[in-house]
Amino acid sequence: ILDMANKRDFRKYVGNVVNNICQDMMIAYYNIENIDVNAIDEAIIDVLKAGEFALAQSNVKFDRSIKSFNSPIEYSKEKAKFYRTVYNKIHKEFVEAIANALKKFNTAIPQEVKDRNKQL
């Protein structure tokens with residue numbers, strides 16, 4: 001379960017994951033001979049879309065005011081529960097989208113490169 005302290009931390013996390021994965025894909029794109037560049041392009045686009053979607057989804061707001069609760073403590077608990085649920089859902093979808101993009105990326109790598117990497 002994801003335990004992000006706040007929206008800012010979640011957005012930093014998503015940005016860092018997307019940047020690092022795209023950077024590694026671009027390194028492979030330019031340094032592996034006979035790689036399927038079209039599949040790499042699609043995988044990079046999928047990673048960027050996953051990040052953009054996660055960031056867009058993270059802009060939700062808790063739609064209840066403190067006046068609708070019996071106490072400020074109750075309000076705080078419900079608000080924290082709401083955000084925890086939302087960010088866990090967004091994180092799950094983000095991880096699934098990244099996994100699908102990585103599968104697409106792995107199909108672009110020539111078999112001889114995969115075999116050579118297994119020997120290392």
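1. A salt bridge here is a side-chain nitrogen of Lys or Arg within 4 Å of a carboxyl oxygen of Asp or Glu. With that in hand, a friendly walk through this predicted model can start with Lys-104 and Asp-46, which form such a bridge with their closest N and O atoms 2.7 Å apart. Lys-104 sits in helix α3 and Asp-46 in helix α2, so this pair ties together parts 58 residues apart in sequence. Lys-104 is partly exposed at 28% relative accessibility, and Asp-46 is also partly exposed, at 24%. Glu-42 joins these two in a network of salt bridges.

2. The whole structure holds four salt bridges. Among them is Lys-89 with Glu-93, where the closest N and O atoms are 2.9 Å apart; both residues lie in α3, about one turn of the helix from each other. Another links Glu-96 and Lys-92 at 3.9 Å, N to O. Glu-96 is partly exposed at 42%, while Lys-92, at 54%, counts as exposed.

3. Now to the inside. The largest nonpolar core has 25 residues, and Met-25, Val-47, Phe-94 and Phe-105 touch the most other members. Helices α1 (7-31), α2 (37-57) and α3 (72-108) each supply at least two of its residues, with the largest share, eight, coming from α3. Have a look at Phe-94: leaving aside residues up to four places away in sequence, its contacts include Tyr-13, Val-17 and Ala-54.

4. Do check Ser-58 too, in the loop between α2 and α3. Ser-58 has 1% relative accessibility, so it counts as buried. Beyond residues up to four places away in sequence, Ser-58 touches Lys-7, Phe-10, Arg-11, Tyr-87 and Ile-90.

Conventions
Residues numbered from 1 in each chain as written. Predicted model: local features only at pLDDT ≥ 70, side-chain atom pairs only at ≥ 80, totals over all residues. Heavy atoms only, no water. Core = buried A, V, L, I, M, F, W, Y, C linked by side-chain atoms within 4.5 Å. Buried < 20%, exposed > 50% of the residue type's maximum accessible area, 1.4 Å probe, protein only. Helix = DSSP H or I, 4+ residues; strand = E, 2+ residues; numbered from the N terminus. Contact = heavy atoms within 4.5 Å.
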